[in-house]
Amino acid sequence: MKRKHDSVTIRDVAQLAAVSPATVSKVLNGAPHVSDSAKERVYAAITKLNFRPNTIARSLKKSQTSTIGLLTDDLEGVFTMSMMRGVEEVASAQGFSVFLCNSYGKMESEKAHLEVLLAKQVEGIVLLSGYRVRQRGAPALPLGTLPVLYLYQYTHDISAPCIIPDDAGGGKIATEHLIAAGRTRIGFINGPSHYEATHSRLEGYQQALAAAGLAIDPALVRVGKWHEEAGYQSARELMRLPQPPDALFCASDSIAVGALDALHEMGVVVPDDVALVGFDNRSFSQHQRPPLTTVELPLVEMGRLAGSLLLSAILNGNQESALHVVPCRLIQRQSCGASQ
């Protein structure tokens, strides 16, 4: 049997008033931009249900809950956890806690989670893409003046800071490293063309070749999936060319692992005959034979920057809308002839 007070929640009030839980929260906290009719329905529902907000919630001043929301579209994405770690490190150092939600890429789920986060009075929200850099629209729910930040994605629809990696710069430093090692015929095995990152990494590859005065040969470029099988097949195709490459740059470590298998199978010695570079710095890259030189995505650093920018907006009111492009760095291992 329900008790009169403790078991009545904001959701009960919202259902009776035919509004969202976020609207009830706004009414309780005197927030603007709520219609008079909605306010009247909320107050009527509160009276009818004899609703009393819990003592903890009532003791909290507006915008001083020391909490932020992190809403990802892919909790199981290979990059999600590293970026989350960076956000949490900065937040916890400032005494903030992080609520984590997963929309699975569905806007209706994102809206529902945002309603809950607003009802919990979070002080800011990070919208995180868990698996690919992309352009996206505004949040599924209007957030008013609440600080919001886009991580591993960007938007032109609202004014908000956005953080992405420098994929073009990563492609450039990988290719420059191979050129510096004396390689002149460098193949590139890329990922699917509907990913923005593949176009950026190809651009960096081409820029480095042009700057070194090397020809950009389309015959040396292959496009496939991100997986090992694509790298394996593409490497075999490239090594069967009349003039095979003396180096391979792969747009992911998984592709590079497949390419390495193909080279071993064909009797090609890495790095003596062909130097090899991957991208991402996945945990398995250092355990290949030979260990894989790769470009590291700055995932933790991006998460830390996201936490710093969001907390600055919360604590100091320094909300800005710049696009932050975080540099990648080269991790040198033996697949290019490094000494360790």
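Predicted model: local features only at pLDDT ≥ 70, side-chain atom pairs only at ≥ 80, totals over all residues.

Me: How many bridges join strand β3 (residues 125-128) to β4?

Reply: Four bridges join β3 to β4, and these strands run parallel. Val126 has Leu149 in β4 as its bridge partner. With at least two bridges required, β3 and β4 therefore count as a pair.

Me: Which way do the side chains of β4 point, and are they buried or exposed?

Reply: In a regular strand the side chains alternate between the two faces of the sheet. In β4 (residues 148-151), Val148 and Tyr150 point one way, while Leu149 and Leu151 point the other way. All of these are buried, that is, under 20% relative accessible area.

Me: Which sheet do these strands belong to, and what is its pairing?

Reply: The sheet is open and has six strands, in the order β2-β1-β3-β4-β5-β11, with parallel pairing. On average, neighbouring strands in this sheet are turned by 20 degrees against each other, direction ignored. Four bridges join β5 to β11, and Ile163 has His324 in β11 as its bridge partner.

Me: Why are β2 (97-102) and β11 (323-326) said to stand at the edges?

Reply: Each of them has a single partner strand, so one side of each is left without a neighbour in the sheet.

Me: Which helix lies across β1 (67-72), β2, β3 and β4?

Reply: Helix α5 (residues 80-93) lies across these four strands and runs at about 170 degrees to β1.

Me: What is the strand order in the sheet with mixed pairing?

Reply: That open sheet has six strands in the order β7-β6-β8-β9-β10-β12. Its edge strands are β7 (221-223) and β12 (329-331), each of which pairs on one side only. Strand β10 (residues 293-296) and β12 pair in the antiparallel sense over three bridges, and Val295 has Leu330 in β12 as its bridge partner. Helix α10 (residues 253-265) lies across β6 (186-190), β8 (247-250), β9 (275-280) and β10, at about 155 degrees to β9.

Me: How do you know how many disulfides the structure holds?

Reply: A disulfide needs a pair of cysteine sulfur atoms within 2.5 Å. The structure holds zero disulfides. For Cys162, the nearest cysteine sulfur is that of Cys328, 17 Å away, so Cys162 is in no disulfide. For Cys328, the nearest is that of Cys250, 16 Å away, so Cys328 is in no disulfide either.

Me: Where does His177 lie, and with what is it in contact?

Reply: His177 lies in helix α7. Leaving aside its neighbours within four places in sequence, His177 is in contact with Thr293, Leu330, Gln332 and Cys336. Its relative accessibility is 17%, so His177 counts as buried.

Me: What describes the packing of helix α7 (residues 167-180) and helix α8 (residues 196-211)?

Reply: Two packed helices are described by the angle between their axes and the distance between the axes. For α7 and α8 the angle is about 40 degrees and the axes are 7 Å apart. Their crossing is right-handed. Residues of α7 including Gly171 and Thr175 meet residues of α8, among them Ser200 and Gly204. By class, this contact has six nonpolar, five polar and five charged residues.

Me: What makes helix α2 (residues 21-28) mostly covered?

Reply: Six of its eight residues are buried. They are Pro21, Ala22, Thr23, Val24, Ser25 and Val27. These buried residues pack against α1 (10-17), α3 (36-49) and α6 (107-119).

Methods
Residues numbered from 1 in each chain as written. Heavy atoms only, no water. Contact = heavy atoms within 4.5 Å. Axes fitted to C-alpha atoms, helices over the stretch in contact; angles between N-to-C directions. Left-handed = near helix turned anticlockwise from the far one by under 90°. Nonpolar A, V, L, I, M, F, W, Y, C, P; charged D, E, K, R; others polar. Buried < 20%, exposed > 50% of the residue type's maximum accessible area, 1.4 Å probe, protein only.
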